[in-house]
Amino acid sequence: MLKIGDLFPKFELENQNGELITNEKIMGEKTILYFYPRDNTPTCTTEACDFRDNIQYFNDMKVKVYGISGDSRKKHENFINKHHLNFDLLVDDEFKLSKAVGIYRLKKSFGKENMGIVRTTFVIDEAGYITNIIEKVKVKTQIDELKQMLE
């Protein structure tokens, strides 16, 4: 698992429109990369809508927001349209980035164990270094926690 002060790993992921987003592309701006398990599940939808409803704050703070899951471009596109999301979702369908940052692991859900993305949020500075990590994301308080970190 990465820690605060580490350089965020290199990555190339497509967004919902097929555009390539890379660590080089986000250089020069603060960035929030929030990893979540799946589109259109109750908690993931709440999380995405919270970012949507607070995107003006992040824009004012000059912070880009990207959601990342293993879902396909098509699923991301449908999720964005259904919930009027105003930020990009990135496709990590082979879980390469999730594995590289140490958050693709065995987890328990509804009594079953399976491999998947553990909900985690990274704040990255303009030079690509991790300034904050929320490991045990509480969706209800995450936005307030991020605002405290950014101010």
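**Entry 1: strands E3 and E8.** I began with Ile32 and found that its bridge partner in E8 is Val123. The model I am reading is a predicted one. I then looked up the pairing as a whole: strand E3, residues 30-35, and E8 pair in the antiparallel sense, over five bridges.

**Entry 2: strands E8 and E9.** I turned to the pairing of E8 with E9. Strand E8 comprises residues 120-124, and four bridges join E8 to E9 in an antiparallel arrangement. Ile124 stands opposite Ile130 of E9. I also checked the hairpin formed by E8 and E9: five residues lie between the strands, and Gly128 has a positive phi near 95°.

**Entry 3: burial of E8.** I asked which residues of E8 are buried on each side.

Entry 4: I next traced the order of the strands. The open sheet has five strands, in the order E5-E4-E3-E8-E9, with mixed pairing. E5 and E9 (130-134) are the edge strands, each pairing on one side only. From one strand to the next, the twist averages 20°.

**Entry 5: helix H4, buried side.** I moved to H4, residues 73-83, and listed its buried residues as His76, Phe79, Ile80 and His83. Why do they fall on the same side of H4? They cover an arc of only 95° around the axis, which places them on the same side of H4. I recalled that an α-helix has 3.6 residues a turn, so residues three or four places apart point the same way.

**Entry 6: helix H4, other side and surroundings.** I then looked at the other side of H4, where Lys74 and Lys82 are exposed. I asked what the buried residues of H4 pack against. Their contacts are with helix H2 (42-53), strand E4 (63-69) and strand E5 (88-91). H4 lies across E4 and E5, and runs at about 160° to E5.

**Entry 7: the residue after H4.** Finally, I looked up the backbone just past the helix. His84 follows H4, and its phi is positive, near 55°.

Methods: Residues are numbered from 1 along each chain as its sequence is written. This is a predicted model: local features need pLDDT of at least 70, side-chain atom pairs count only at pLDDT 80 or more; totals for chains, interfaces and linings use all residues. Side-chain values use heavy atoms; hydrogens and water are left out. Buried means under 20% relative accessible area, exposed over 50%, partly exposed in between (1.4 Å probe, protein chains only). Helices (H or I, at least four residues) and strands (E, at least two) are DSSP runs, numbered from the N terminus. The arc is that of the directions from the helix axis to the C-beta atoms. Contact means heavy atoms within 4.5 Å. Two strands pair if DSSP finds at least two bridges between them. Axes are lines fitted to C-alpha atoms, for helices over the stretch in contact, and angles run from 0 to 180 degrees between N-to-C directions.
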